[in-house]
Every structure is written in structure tokens, then in C-alpha cells.
Amino acid sequence: MAFLLCGTVAVAVLVGGSPYWMYNMTVVALFATAAIGLNIMLGYAGQISFTQSAFMAVGGYGSAILGTKLAVDPWLAMIFSAVLAAIGALLIGIPLLRLRGHYFGMASFALALGTPSFLLAAASLTNGPLGIAGVPPLRFAGVSFLDPIPIYLLAWGVCIGAFLVEISLLKSHVGRAWRAISTNQDVARSLGIDARKYKLLTLAIAAVMASLAGSLYVEFQQYVAPDIFDIGLIMTIYLIVYAGGRGSIAGPLVGAVFYIVVPQLIGSLEQFQHLVFSALLIAIIVLRPNGIMGRGRQYAPVERILPLWVQRRLRRDYD
Amino acid sequence: MTSAGTVEPGSTPEGLVLTQVSKAFGGVTAVKDASFSVMLGQIHGLIGPNGAGKSTVIGLVTGFLRPDSGDIRFGAHDLNRMTPEAIAQVGIARTFQKATPLVGLTALENILVGMHTRYHGGVLAALVRTSALRREERGMAERAQMILERFGLADDANTDAGDLPFGKLRFLEIARSMVLEPQLLLLDEPAAGLNRVEAARLSALIQGIRSTGTGVLIVDHDVPFVFGVCEQVTVMNLGQILASDHAAKIYENPAVREAYLGTQRAQTEAGA
């Protein structure tokens, strides 16, 4: 359902040809791609992981540094960065996954916190706070991916690819192993499932998705700076997954649309925009605690968003 | 001590052998110098009052706990340094004392998780959904359905395991570990919470498992249940092994009667 709706909207935006909406929907696709990675780790394998913003930085800076300093072809730079991100995920995951649950979460949060500081400190590679400008854009057979339509199609192509990876793995014994580890790791291990191996796998897959999203964003903007990858980025990806519905296939997509499109729609409210957006977010948390597409199918009664004393008074009226 | 020839898999008559195993938790001794063995193709009971160290023994054997000292062997395998998943793969399956449904997965999917190690296809095959893997997946689902039928759960195949009543869940948990096709099955308090009919079904089921050559170790403090089904019984008290012998001989053992059975008998006599 959600996919059909989003597909229709995506085609409509393409046909409508508004560069403004096309840009927004491109960003939706990139955020959704990174969020699918988090959804696999968090929603299915049950790991509280904050690694996605660091791996988006690997993709973004990988493409920028390879493209500008080494004059590597942007396509190759993108692929090479993704491979690097996967290797990085394994190197970080092997020691970190000795920790379980919240402890792993805290350790990976340190990685997210440290990413912008590292990018500032490694100035000889990253130009520090100035960032890297003039990143060569993607080109293919005379088509420049700086134009709205090609980048729109490419970003959605990558996003759909990420969805297909998620869906095919989830349908298989690999996905079942993830869900088993998430509900009861001891039971999964007692059945011969190597929990650490499967958690590492989610980390590596998520890293590749994040890296591709980071590369595409930077090659499209032709610019990268450390503050893009600050703590706000991982919070945004978390917000997308939680609002959309963790552990649901369409969740990251719906969450990304909510995060990017809704503020644009209520933009005319000017100074009240943030207030209304926050109220909407609270309404989701109260009414759909597992997210818009979340597994809890039951909708909570609407009066639950009212203050408690009002609810009590309402209930008294019923009696 | 033994010559190299006797440690080949299958050639040793004994399945699981514990030698002088000890385990303490922060100064509190849970298991002390425990030695006993469980033969394959036998039903072995491990009984003892609460806190005797029975569940610790299961944890040690299945790799969830590491012994402080002593030796745990299974055929040719030294279990001391093996991970739980590796121990499961060499043929030791277990159930847990607490209810352990894999919530969010159906009963059928719970069985399929137990079959995980039987899959030939890896991650890449799953990613591109090769026809071989899809065929394998269909075969596994058919087998899982057959197993549910054998355990009387055929009608619950598509029920979320978290929604199953307790009795059915117990059988699902045993079915889930049996699809590993283990040589040794460890059951942690399998009869707890079951009614008479279910307990009788469980006894029959355990006897059926034994008849295929699989060893069964039952940890429980339900004495009538254990003596009703087990051929060999080991008695623990305060972390130590009091006796390990044929069930009939255990019943006569004066030390065991005094420490454990005796009090129980005194209670029933007092009640009568």
C-alpha cells in the first residue's frame, strides 16, 4: 500500500517536473536508503546502533577526497567508498559487538559523536572546517547527474536497490536468524546460529547503504563539510526509522517522506512550522508508538493526545 | 590417559562426560567438583532441590557459562572452550527453563529457525534468491510443517509463538531443538507447569526421542516425573553430586533419601 502510494507520488513528481519537489524527493530517497540500513540493524536484528552517520561520512568524504585529490572517476569513488565502509564496519563491529544491547549502543554513539571532530582534525585530508568543494559530479554517456531528473532517477534506483536487498534477505533464513537474535539471542545461539556473525552482517550491509547515500549526496551537491555529519544526522535517521515504523519494510520510506515533505507542506506557517511539526511527531508517538507503519496494528484512541485531566473528565462523562 | 584411538567420534560409548567441574559466581559456589556422564540413547535425570546447581550444569555444558575448573567433553569434542552455537552444531540441543517463544515469528518460523544450520545456501544465495535456495526453502517449510504435525501443533503453524498457550509452547520449544537432530538433548524443567495429560504426552515423546538413539538429560525437581521416565539419575545438592546411578539404585541410596527423597517421603506420610 505505502509503496504503491509512494510510487504514484514519485512518478507524479517526475511528470510534474517541478525541480523544487524533485530535489526534495531526491533527498527523501537518500535519507530512506540510509534509514533502511538502520532498520535492518535496529528493526530486525535488534541492535541499537548509531553507526549510520559515520558511514555516510565515509561515503561522502571518500567520494570527495578520491574525486578531487586523486581524480578518481566518481562512479569508482562511490563504489570504492562503499567497500571501504563495509570493511570499516567489520573492523569496528568485531570489537564493539563483544558488547550487547545498550552497551553496544553507547559505544557506537561515541563513533557518531567523534565523526565531525575527526573530520575537523584530519585537516590535511579533509580541509578541516572549510570542507571540500568542487567534487566532480557523476556523468554517464553525456548525461550529467547534476540535473534534477537524472539524479532523481539515480537516487531512487539506489533506494529501490536497498529495498530489494532488505526484502530478499528478510524473506530468507538470514532474515529469520536476525529476528530470532533480536527476540532472544540465547535461544538463537542454542540453535546453532552464530549471532555475532549475523550482527556483523547487518552492520556491513547498513554501512554500504549509508555510504552510497553519503556519496550520492556529496556528488550531487559537489561539496562536503564536517558539520553535515554531526550528531543531528544520526538523530534524523533515528527519527525517520522510529516515525516510519522500525521493523516494517515500508517504515524508512514513510518516515523519510514525513521528515522531508511535511515541513515543506507546512512551510507557509513560518515561525509556527517547528511547533506544528513537533506536535505531529508527538501525535505519532502517542497514537502509533511503533511508528506510522509499525507492527502494533491497533490505533490508540485519539483522545490520548489530550492532557490527562481532560481525558479523565471525558471518561467521567461516559460513566 | 586414553589412547588416541578411543577418542574418535562414535567410538566412545559415553556421550557427555563431566570431570571435576566447578563453577562459582563471585565467591558463591554453584557447582563443585561435579563428575558424571550421560550415555547416548539413554534418558538421564538430574534432580536436586532449588539452588542445587542443576541449571548451572546445563549452562556449563551448552557453553553459556565457562567452568572455573574441570573438564567437559562430548565424544571427541572439548566443550570447555566452545561457543554455544558451536556446541549446538556438534549435536547438543537444549531447551530453557523459562518460556522462550521467538515472539513475532510464527510457530512454523520458530521451527525453521531451528533448521537454520541445515541450510546449504548462504547470504549471497539469499540476496539473489537463487532457484536452488527457493527450492531448499520450500523443502524446509514442508519438513517444518511435518514436524509441527508430529508434535500436535499442525493447526498452530501460522500462530505467533508469543500467542501460544504454555503447554503448546513447551512442545514447540522441544520441537525447535529437535530439528537440530541432536545426539544429546538437554531439557531444563520440561514438566514444570504442564498438566497431567501434557506431562504424560511429554514422557511418551521423550521415550520416542530416546528410541532414535538420542541421549536425553532431564533437569527437574519433579521427582515422580523424573523417576517415571529416566533410566539413570544423578542427584545434586548444594552444588555437589550426591549420587549418579540407575534410577532404582538411586531410590535405595541412603544418602539421597536423607538429603532429598527422605524429606519428601516424610512429607507425604505426614500428609496421609
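In strand β5 of chain B, B:Asp78 is the bridge partner of B:Arg73. Strand β4 (residues 69-74) of chain B and strand β5 (residues 77-78) of chain B run antiparallel and are joined by two bridges, where two strands count as paired if DSSP finds at least two bridges between them, and where strands (E, at least two residues) and helices (H or I, at least four residues) are DSSP runs numbered from the N terminus. With two residues between them, β4(B) and β5(B) form a hairpin, in the turn of which B:Gly75 has a positive phi of about 60°.

The model is predicted, so that local features need pLDDT of at least 70 and side-chain atom pairs count only at pLDDT 80 or more, while totals for chains, interfaces and linings use all residues. Residues are numbered from 1 along each chain as its sequence is written, chains are lettered from A and ligands numbered from 1 in the order in which they are written, and side-chain values use heavy atoms, with hydrogens and water left out.

In chain A, A:Glu166 has its place in helix α7 (residues 148-171). A:Glu166 counts as buried because its relative accessibility is 0%, the term buried meaning under 20% relative accessible area, as against over 50% for exposed and partly exposed in between (1.4 Å probe, protein chains only). Leaving aside neighbours within four places in sequence, A:Glu166 is in contact (heavy atoms within 4.5 Å) with A:Ile36, A:Asn39, A:Ile40, A:Tyr44 and A:Ile249.

Over all chains the count of disulfides (pairs of cysteine sulfur atoms within 2.5 Å) comes to zero.

Between the chains, the contact takes 24 residues from chain A and 31 residues from chain B. The area buried between chain A and chain B, that is, the accessible area (1.4 Å probe) that two parts lose on being put together, summed over both, is about 2,500 Å², and carbon and sulfur atoms give 65% of this area. On the side of chain A, the residues that lose the most area to chain B are A:His173, A:Arg176 and A:Leu191, which together account for 29% of what that side buries.

Three salt bridges (a side-chain nitrogen of Lys or Arg within 4 Å of a carboxyl oxygen of Asp or Glu) are counted between chain A and chain B. The side chains of A:Arg189 and B:Glu85 meet in a salt bridge, at 2.7 Å from N to O.
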